[in-house]
Amino acid sequence: MRRLKNFYQVHLWTTIPIFLFVVSLLVLNSDIIADKSATPEIRIMNGPEIAVYRSQLNFGAVVEGGQTLYTTGYQSLLIDNSGSGTLNWDVTDNADWLVCHPTSGTGTGVVNVSVGTFLLAPGSYYGKITISDPSASNSPQYVNVNLNVYAPGTSHPPFGTFATPVHDS
């Protein structure tokens, strides 16, 4: 059994070897653990489910004459299987300036995302990263990417994202 904040995941196996079910218990109140008569929410998952721990990435760059003077470093996406079975994920993007590595994996993985600003003019650019697995019940999942390119000497805010834990984790 795995415990995340107010969330328990229990693996149950049937006597038929081809089935593996994951039962997820969502605990809305910590008193429910002590109350044996309480009825938790139970979800039966049959197959992989994509969990991506970022929904948006923000990048910035200063360019002059097609040459990048400053840019945000790479940012990471954590991909996990919140279901059962094996997650075989693929990553694609829709912008020439986005760079994702690796572009595929099995189970839990980290994808490093960076931007290539060569020959981009100052302005705002938007892209999307798609994480997919044909066997996953919630495929595809998306991560929006924003890139702001500035000319030298222009006023601009700090680049990137300051990541904070989700749900106090």
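**T130.** I started at T130 and listed its contacts (heavy atoms within 4.5 Å). Leaving aside neighbours within four places in sequence, T130 touches D90, V91, T92, P140, Q141 and Y142. T130 lies in strand 13; helices (H or I, at least four residues) and strands (E, at least two) are DSSP runs, numbered from the N terminus. Is T130 buried or exposed? It counts as buried, because its relative accessibility is 18%. My cut-offs: buried is under 20% relative accessible area, exposed is over 50%, and partly exposed is in between (1.4 Å probe, protein chains only).

**Ground rules.** This is a predicted model, so I note that local features need pLDDT of at least 70 and side-chain atom pairs count only at pLDDT 80 or more, while totals for chains, interfaces and linings use all residues. Residues are numbered from 1 along each chain as its sequence is written, and side-chain values use heavy atoms, with hydrogens and water left out.

**Whole chain.** I count one helix and 14 strands. Of the 169 residues, 31% count as buried. Among contacts with a separation of 6 or more, 56% come from residues 24 or more positions apart.

**The core.** Which of its 24 residues touch the most other members? They are V113 and I129. Strands 6 (56–64), 8 (75–81), 9 (88–93), 10 (98–101), 12 (109–115), 13 (123–132) and 14 (141–150) each supply at least two residues of this core. Strand 14 gives the most, with four residues.

I traced an open sheet of four strands in the order 5-8-12-10, with antiparallel pairing. Two strands pair here if DSSP finds at least two bridges between them. Strands 5 and 10 are the edges, each pairing on one side only. Neighbouring strands are turned by 25° against each other on average, direction ignored; the axes are lines fitted to C-alpha atoms, for helices over the stretch in contact, and angles run from 0 to 180 degrees between N-to-C directions. Strands 8 and 12 pair antiparallel over five bridges, and L78 stands opposite V110 in strand 12.

**Rings.** I found one aromatic pair. It is edge-to-face because the rings of W97 and Y125 have their centres 6.4 Å apart and their planes at 65°. The rule: rings of Phe, Tyr and Trp (its six-membered ring) pair if their centres lie within 6.5 Å, with planes under 30 degrees apart stacked, over 60 edge-to-face and the rest tilted. W97 sits in the loop between strand 9 and strand 10, Y125 in strand 13, 28 residues apart. W97 counts as buried, at 9% relative accessibility.

**Y142 and S55.** K128 lies over the face of Y142, at 4.8 Å from the ring centre; a charge sits over a ring if NZ of Lys or CZ of Arg is within 6 Å of the ring centre and within 35 degrees of the ring normal. I then went to S55, in the loop between strand 5 (50–52) and strand 6. S55 counts as exposed because its relative accessibility is 54%. Leaving aside neighbours within four places in sequence, S55 touches Y142, V143 and N144. S55 and Y142 are 87 residues apart in sequence and 6.9 Å apart in space, C-alpha to C-alpha.

Technical notes. Core = buried A, V, L, I, M, F, W, Y, C linked by side-chain atoms within 4.5 Å.
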